[in-house]
Amino acid sequence: MDKLAMIKRAEELVGTIEDLPTIPVVATQVLLLLDKPDVRIEDVADLMLTDQVMTARVMKMVNSPVFKPGHEITSLRRALVYLGLKHIRELALATSLIDAFDSDSGNFEINAFWEHSFGVGMVSKIIAEKIGYADIEKAYIGGIIHDLGVVFLSQYQREEFQAILDSIKDKPIKLVDAEIERLGTTHCEIGLCMARKWNFPEVYCELISYHHTPTEATIDPVLCAIVNLSDLFCSVRELNYGGKEWVSFNLSEEEGWKILRKEAPNLANLDVERFCYELDDAIPDVKELVSSIFNSQEQAGD
């Protein structure tokens with residue numbers, strides 16, 4: 001089906017929702033503040049501390065295995081210095097998405113959604129490191145936000161999405177194919193429309209739109225390939241929305257793998273089985289991180 005037609009259909013579906021979540025006010029203010037050329041970390045910290053939920057989540061994330069600080073960071077200001085201004089923006093974006101979609105009113109538990117999302121983020125970071133990708137944290141955040149359209153369908157097209165999930169259960173049918181058949185669009189285009197509404201950077205908009213078809217990406221196909229393979233890996237492991245979608249893949253035949261092989265020829269010597277064990281080791285860390293993010297409202301001190 002024509003991509004533009006699917007985007008138009010997605011715009012129609014997103015446009016019918018009057019109470020579509022917005023990025024929380026403090027997160028928006030943080031992103032605007034970070035756009036100022038003379039921004040000071042102290043000012044960002046003061047603003048973030050007005051939202052204790054965001055602060056607690058940022059602290060959880062910065063102390064997680066993802067960022068691997070040498071010792072526990074207990075001060076928000078120290079956390080922001082450790083991260084640097086660029087990564088503060090990315091974490092503000094990630095935590096704001098958690099706040100936008102934090103209920104279990106959809107077709108699966110919200111924790112299962114975030115376990116998959118953070119899992120793809122974690123695996124994306126590992127793959128990015130392996131191939132020498134220039135911006136590892138961009139791969140991490142890209143993994144977290146790639147399935148934005150799925151949570152929209154789960155919460156706002158619940159009956160239709162349940163019918164889609166039922167139609168593919170235990171069948172070798174891809175979710176995106178079933179979505180096209182029933183909705184005339186997919187979670188990729190819906191996520192793109194939402195990302196544009198929220199003024200996401202264009203590279204993330206492209207990633208959300210093409211994470212299943214990385215060869216169609218033009219801004220950063222390598223990033224799309226990284227997230228594409230991470231998504232496939234998590235979908236055949238424990239981070240798979242509770243097994244609601246059938247997924248099977250042969251790494252050597254995947255579009256994303258071919259893109260990465262071209263980018264990093266050294267992958268030809270990669271011990272794939274050993275690498276998969278390495279990725280498996282990240283799964284418990286992801287589950288612990290998601291659990292701590294949702295179950296803790298700790299306050300971060302100065």
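A crossing is left-handed if the near helix is turned anticlockwise from the far one by less than a right angle, and right-handed if clockwise. This is a predicted model, in which local features need pLDDT of at least 70 and side-chain atom pairs count only at pLDDT 80 or more, while totals for chains, interfaces and linings use all residues. Residues are numbered from 1 along each chain as its sequence is written, and side-chain values use heavy atoms, with hydrogens and water left out.

Q: What is the handedness of the crossing in which H12 passes H13?
A: Helices (H or I, at least four residues) are DSSP runs, numbered from the N terminus; H12 covers residues 187-197 and H13 residues 202-210. The crossing of H12 and H13 is right-handed.

Q: How are H12 and H13 oriented to each other?
A: Axes are lines fitted to C-alpha atoms, for helices over the stretch in contact, and angles run from 0 to 180 degrees between N-to-C directions. The axes of H12 and H13 lie 7 Å apart, at an angle of about 165°. Angles under 35 degrees count as roughly parallel, over 145 as roughly antiparallel, 65 to 115 as roughly perpendicular and the rest as oblique. H12 and H13 are therefore roughly antiparallel.

Q: Which residues in H13 meet H12?
A: Contact means heavy atoms within 4.5 Å. On the H12 side the residues are Cys188, Gly191, Leu192, Ala195 and Arg196. In H13 they meet Cys205, Ile208 and Ser209.

Q: How many residues of the contact of H12 with H13 are nonpolar?
A: Ala, Val, Leu, Ile, Met, Phe, Trp, Tyr, Cys and Pro count as nonpolar, Asp, Glu, Lys and Arg as charged, and the others, Gly among them, as polar. The contact of H12 with H13 has two polar residues and one charged, and its nonpolar residues number five.

Q: Where does the pair H10 and H11 fall, parallel or oblique?
A: The axes of H10 (residues 158-168) and H11 (residues 175-183) come within 10 Å and cross at roughly 130°. That angle makes H10, relative to H11, oblique.

Q: How many charged residues are in the contact of H10 with H11?
A: The crossing of H10 and H11 is right-handed. Residues of H10 in the contact include Glu160 and Phe161, and those of H11 include Glu179 and Arg182. The contact divides into eight nonpolar residues, one polar and, as charged residues, three.

Q: How many salt bridges does a search of the whole structure find?
A: A salt bridge is a side-chain nitrogen of Lys or Arg within 4 Å of a carboxyl oxygen of Asp or Glu. Among them is Arg9 with Glu12, the closest N and O atoms being 3.4 Å apart. The search of the whole structure gives a total of seven.

Q: How many residues apart in sequence are the parts that Asp46 and Arg77 tie together?
A: Asp46 forms a salt bridge with Arg77, with closest N and O atoms 2.4 Å apart. Asp46 lies in H3 (residues 41-48) and Arg77 in H5 (residues 76-83), so the pair joins parts whose separation in sequence is 31 residues.

Q: Does Ile127 count as buried or exposed?
A: Ile127 is found in H7 (residues 110-131). Buried means under 20% relative accessible area, exposed over 50%, partly exposed in between (1.4 Å probe, protein chains only). At 7% relative accessibility, Ile127 counts as buried.

Methods
Helices (H or I, at least four residues) and strands (E, at least two) are DSSP runs, numbered from the N terminus.
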